[in-house]
Amino acid sequence: MSHVYRFSGVCALLMAATCVFAAEAPSCKQVRMGVANWTDVMATSAVAKVVLDELGYSTEQTFASEQIVLTGIKDNKLDVFLGYWSPLMTSSVVPMVEAGQIAVSRTPNLTQANATLAVPRYLFDQGLKTFADIAKFKDALGGKIHGIESGSATNQQIQAMIDKNQFRLGGFKLVESSEAGMLAEVRRAESRKAAIVFFGWTPHPMNVTLAMNYLTGSQDALGPDEGAATVWTVTRPDYAQRCPNVQKLLDQLTFTTAGESQMMVAILAGQKPEAVARQWLKEHPEDRQRWTAGVSRFGSELAQQ
């Protein structure tokens, strides 16, 4: 998929000149942000909200499933979403991009992510190491694979494997739940050393708090390279033109898996995402400087070298 970024080229005509643009339209002051109920997206979205609010914007967050958020952007009820996991969500996102209903920012906000099926390490050690091994443990697993919330692209891909009887999964049932609900089931199984297959991803503290292994041999069922992923920011299709200052921040708002995981640990421990974001910004001034380089306060004239 080609991520095309459109921005005014006026300054390109003026060599070594500083171009000054009028301030953004008043409508840009309110940033309507969709947030999926995933801890990683809560963390990054909280950082974006804190930085935007400090710059004089008014950020309103709506928490919903990925499909509701994407539809909200398409219907002009939301402006921004920091949680497009590619390629897991590509089948949902690409048609909307091609129809001119949403746009994808020019740079991912996270690279070196990973998302695929996983098992507790004791089950891995018993021989459930690949997608093809799942069917061999059907009785122990109760014929279940544990996914995330209903309607997610991830669950659709898992269900597609079941419907096609891929890896002999035809008799399995997908258990849909929230991130927290799924992980609670994993911990209950772990306490009994029971068999369970679940959807796992990096960055996430589960990789530290759970002794777990990712399955291989997926045959690209959940994306190439055994679930390798990048995370992108999605906006309204005309957002870069209407609100270039916010878009500049969004394009520069990039994270690391280690950094996100640290923030997620605090959130899962009960701290509010915005409080975690403020603490992160306090402790990592270099991130704030990098993210806000060349970004103006709302209402200021916008300059571009």
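Because the model is predicted, local features were considered only at a pLDDT of at least 70 and side-chain atom pairs only at pLDDT 80 or more, while totals for chains, interfaces and linings use all residues. Residues are numbered from 1 along each chain as its sequence is written, and side-chain values rest on heavy atoms, with hydrogens and water left out.

The protein chain has an average pLDDT (the predictor's confidence in each residue, from 0 to 100) of 91, and 91% of the residues score at least 70. Over residues 1-20, by contrast, the pLDDT is below 50, although this stretch has 35 contacts (heavy atoms within 4.5 Å) in the model beyond near neighbours in sequence. Where pLDDT is low, the predicted coordinates should not be read in detail.

The structure holds one disulfide, a term applied here to a pair of cysteine sulfur atoms within 2.5 Å. This disulfide joins Cys28 to Cys243, with an S to S distance of 2.1 Å. The pair links distant parts of the chain, 215 residues apart: Cys28 lies in the loop between strand 1 (19-21) and strand 2 (30-35), and Cys243 in the loop between helix 10 (239-242) and helix 11 (244-252); helices (H or I, at least four residues) and strands (E, at least two) are DSSP runs numbered from the N terminus. The torsion about the S-S bond of Cys28 and Cys243 is about -85°, so the disulfide is left-handed. Cys28 and Cys243 are both buried, where buried means under 20% relative accessible area, exposed over 50%, and partly exposed in between (1.4 Å probe, protein chains only).

Most residues other than glycine have a negative phi, and most peptide bonds are trans. In this model, a cis peptide bond with omega of about 10° joins Ser86 and Pro87, the latter placed in the loop between strand 4 (80-86) and helix 3 (90-98). A cis peptide bond also joins Thr202 and Pro203, with omega of about 10°, and Pro203 is found in the loop between strand 9 (198-202) and helix 8. Positive phi values occur at Phe167, near 60°, and at Asp225, near 55°.

Leaving aside neighbours within four places in sequence, Asn114 is in contact with Trp85, Gly200, Trp201, Thr202, Tyr214, Glu226, Gly227, Ala228 and Ala229.

The second largest pocket has a volume of about 270 Å³. On a 1 Å grid over the protein atoms alone, a pocket is an open set of points where a 1.4 Å probe fits, with protein on both sides within 12 Å along at least five of seven lines, and lining residues have an atom within 4 Å of a point; grid points are joined across faces, edges and corners, and the volume is the space filled by probe spheres set on the points. The lining of this pocket comprises 18 residues, of which Thr39, Glu179, Ala180, Ile267 and Leu268 lie nearest its centre. At least two lining residues are supplied by each of helix 1 (39-54), helix 7 (179-192), helix 8 (206-209) and helix 12 (257-268), and helix 7 gives the largest share, four residues. By residue class, the lining divides into nine nonpolar, seven polar and two charged residues, with Ala, Val, Leu, Ile, Met, Phe, Trp, Tyr, Cys and Pro counted as nonpolar, Asp, Glu, Lys and Arg as charged, and the others, Gly among them, as polar.
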